[in-house]
Amino acid sequence: MLVLSWQTANLFYSVFIGKEPLKRGQPLTTEAKDPNGSLISGLKAKKELVKVFALWELSLISQRVPDRRKAIFNEIDREGGSAWSQVLACTTDVIQAINTRIEESKNPAPVTKPLPQAEKSEPVLQTLPRLSEPIKDDNIFTTAPKATSRQDKFGDAFSSAAKSIGQSEDWTPTARARVRDVFDRASSAMLSPEQKQKYLGSPQKFKLLTGGPSTTHKPEDMNPVLAQILRSPIGQPFRQTYAQRLSAIVLGTPESSLSLIVDAVESLTRLLIASLAEDPYGKVQADVPSAVRLLTQTTLTLDAFAHQGGLDAHWTDINFPPSSDPQAQAVARLVPDVEIVLAALRGGLKDLLTAFRPYLRDIGIAGKDLRVAKEAAGIDGEEVL
């Protein structure tokens with residue numbers, strides 16, 4: 001009964017949350033005292049759910065509600081800038097975030113140590129008696145004097161043993177012996193005697209097993225024991241598939257921003273196209289070149305990152321096709337959610353170029369900018385002049 005109630009509540013919530021943000025066929029903010037102000041507040045909200053519904057409502061306004069579109073274009077004296085400029089900033093921030101996340105994944109920021117805080121006066125604590133000698137301030141590079149007391153001799157012996165362990169190339173002999181014993185028992189059940197002897201006799205592959213492969217190792221070169229573990233249900237939580245990693249970078253974490261991106265692209269392009277007939281001041285057209293360049297850059301960056309080897313397969317992605325089969329790899333790189341984003345970007349860019357075709361040169365889109373934009377949108381050379 002408890003599981004049934006959970007499933008029922010989840011179903012009802014999913015049906016309710018999937019409804020369009022409309023009331024009697026009009027956007028939810030229509031009945032507010034300041035409809036555009038309420039909409040802009042939702043677009044700038046910190047809570048993800050509020051922002052999702054605000055962008056969804058903006059997308060519906062850009063397609064179905066001409067009166068609200070005209071109101072956005074007409075409000076030029078709003079606090080914080082005109083209504084259009086604030087809407088433009090919110091939508092472009094969502095699209096630009098894709099480029100930012102891709103760039104950060106290519107060039108991760110170095111870990112910086114926190115700055116030392118100012119010294120504060122602390123109360124004097126009564127500590128226990130010191131059991132060891134204080135730290136020496138002598139030159140550490142000079143030769144240490146020969147130990148004379150029993151305590152110094154014990155310290156020298158212990159330190160030499162610790163150094164030998166820390167300076168070893170790999171694991172300690174005892175740890176290596178234990179791992180070899182575990183590997184011997186596991187490989188007896190999974191490998192033939194010839195394969196077992198081959199991997200036990202190869203220090204590089206044994207080091208790969210004990211030390212763990214890095215991202216530079218290819219999945220097809222992985223140790224068969226480790227590969228079988230990763231394919232098993234036990235190894236499933238440790239696998240980092242290409243689709244998961246690409247979706248996390250493009251759509252963000254911990255929540256996916258797929259709907260945010262699609263609604264932002266749709267709202268931006270539809271509002272710009274509608275401004276041709278509904279913008280009384282003619283100020284929106286000044287933002288068309290920057291919008292075209294943003295959609296072009298995002299489309300080309302995302303396509304190169306997702307389809308042209310911008311992101312390599314992780315060593316734990318054991319099911320990713322080998323490099324010897326490029327066609328299979330190309331298919332594996334087609335992640336559904338990312339393809340939806342690419343289709344939205346290309347479609348919006350194509351519609352924008354087509355709608356503003358007679359005015360492209362007048363608004364500053366010509367030459368290289370126009371050629372690159374047509375290439376990103378997948379438009380033939382003669383389709384847009």
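**Figure 1. Contacts across the whole chain of the predicted model.** Of the contacts between residues at least 6 apart in sequence, 74% join residues at least 24 apart. The protein in this predicted model contains 16 helices and two strands. Its 385 residues include 34% that are buried. The accessible surface amounts to about 25000 Å², and carbon and sulfur atoms account for 56% of that area.

Figure 2. Arg-333 belongs to the loop that runs between helix 14 (326–332) and helix 15 (336–355). The side chain of Arg-333 does reach the backbone oxygen of Leu-311, at 2.9 Å. Leaving aside residues up to four places away in sequence, Arg-333 touches Tyr-242, Leu-246, Ala-306, His-307, Gly-309, Leu-311, Phe-320 and Glu-339.

**Figure 3. Helix 13 and the glycine that follows it.** Helix 13 covers residues 288–307, which is 20 residues. From its first C-alpha to its last, helix 13 reaches 28 Å, close to the 28 Å expected at 1.5 Å a residue. Gly-309 follows helix 13 and has a positive phi, near 80°. Both Gly-309 and His-307 are among the residues that Arg-333 touches.

**Figure 4. Ser-82 in the loop between helix 4 and helix 5.** Helix 4 spans 66–74 and helix 5 spans 83–106. Is Ser-82 buried or exposed? Ser-82 counts as buried because its relative accessible area is 19%, and the limit for a buried residue is under 20%. Apart from residues up to four places away in sequence, Ser-82 touches Glu-75 and Ile-76.

**Figure 5. The cis peptide bond from Thr-253 to Pro-254.** Most peptide bonds are trans. The bond from Thr-253 to Pro-254 is cis, with omega near -5°. Pro-254 is placed in the loop between helix 11 (242–251) and helix 12 (258–278).

**Figure 6. Arg-24, a residue with positive phi that is not a glycine.** Most residues other than glycine have a negative phi. For Arg-24, phi is about 55°. Arg-24 lies in the loop between strand 1 (22–23) and strand 2 (26–27). Arg-24 counts as exposed because its relative accessibility is 69%, and the limit for an exposed residue is over 50%.

Key:
Residues numbered from 1 in each chain as written. Predicted model: local features only at pLDDT ≥ 70, side-chain atom pairs only at ≥ 80, totals over all residues. Heavy atoms only, no water. Helix = DSSP H or I, 4+ residues; strand = E, 2+ residues; numbered from the N terminus. Polar contact = N/O pair within 3.5 Å; in protein donor to acceptor, adjacent residues only side chain to side chain. Contact = heavy atoms within 4.5 Å. Expected span 1.5 Å × (residues − 1). Buried < 20%, exposed > 50% of the residue type's maximum accessible area, 1.4 Å probe, protein only. Areas by Shrake-Rupley, 256 points an atom, 1.4 Å probe, with all protein chains shown as cover.
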